[in-house]
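Look over the sequence and the model first, then read the points by topic.

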Amino acid sequence: MAKNRPSFRVMRNGYDRFAVDSAIDNYTSQIEELEKEIATYKNNIEDLNHQLINMKDRYNSIMSGIMARERAADDISRIALKEANQIIDAAKKNADFIIMESLNKSKVVLADLVKISNETGTLKQEMRDQLNKIYHDLDELKAPNLPDLDWLEQAKNKRQ
């Protein structure tokens, strides 16, 4: 495209018609090229606008998916926390029940041990008394006098 303004020769009845026609043809071809470029740019702009719209739609779709996943994750974590608290409460109740059962069984075992201990003391005293009686009876027991063994020898000698 010519940047300078064309100058035409002046002739009778006006400017040089061929030079003007040539300049007009030049300008027309330049205009056509520019219009083609403009059309290309417009097509590119339209394509880019479509791509932009598609990207925005895709972005919005992705964002809505992310938000849905975040809501789902929040719901899941809330439910998990609730269930965890329920499990903890149940475990505490079970632990309290187990402890109470253990304490009750321990009381029964301790009561049995006290009873056994008392009975052991009584039996021990009875056994002492019986042993003392046996010792006393043993002390009172007198062995009979044994005959002299010499008479056996004398009887043996008489027989021979």
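L138 lies in helix α1, where helices are DSSP runs (H or I, at least four residues) numbered from the N terminus. This is a predicted model, in which local features need pLDDT of at least 70, side-chain atom pairs count only at pLDDT 80 or more, and totals for chains, interfaces and linings use all residues. Residues are numbered from 1 along each chain as its sequence is written, and side-chain values use heavy atoms, with hydrogens and water left out.

**Helix α1**
- The 124 residues of α1 should span 184 Å at 1.5 Å a residue, which agrees with the 175 Å between its end C-alpha atoms; the expected span is 1.5 Å times one less than the number of residues.
- A23, Q30 and G65 are the buried residues of α1 (buried is under 20% relative accessible area, exposed over 50%, partly exposed in between, with a 1.4 Å probe and protein chains only).
- I134 also belongs to helix α1, and its C-alpha atom is 106 Å from that of Y59, 75 residues away along the chain.

**Surface patches**
- L131, I134, Y135, L138 and L141 make a nonpolar surface patch of about 540 Å².
- Patch residues have over 30% relative accessible area and no salt bridge; like charges are joined within 9 Å, and nonpolar side chains (Val, Leu, Ile, Met, Phe, Trp, Tyr) within 5 Å.
- Accessible areas come from the Shrake-Rupley method with a 1.4 Å probe.
- L138 counts as exposed because its relative accessibility is 51%, whereas I134, at 45%, counts as partly exposed.
- A patch of negative charge on the surface gathers E32, E33, E35 and E37, and E35 sits in helix α1 (residues 17–140).

**Salt bridge**
- The count comes to one salt bridge, defined as a side-chain nitrogen of Lys or Arg within 4 Å of a carboxyl oxygen of Asp or Glu.
- R78 and D75 form a salt bridge through their side chains, at 2.9 Å from N to O.
- R78 and D75 are separated by about one helical turn because they are three residues apart in helix α1.
- D75 counts as partly exposed, at 34% relative accessibility.

How values were computed: Lys and Arg count as positive and Asp and Glu as negative; His and the chain ends are not counted. The place of a charge is taken as NZ of Lys, CZ of Arg, CG of Asp or CD of Glu. Helices (H or I, at least four residues) and strands (E, at least two) are DSSP runs, numbered from the N terminus.
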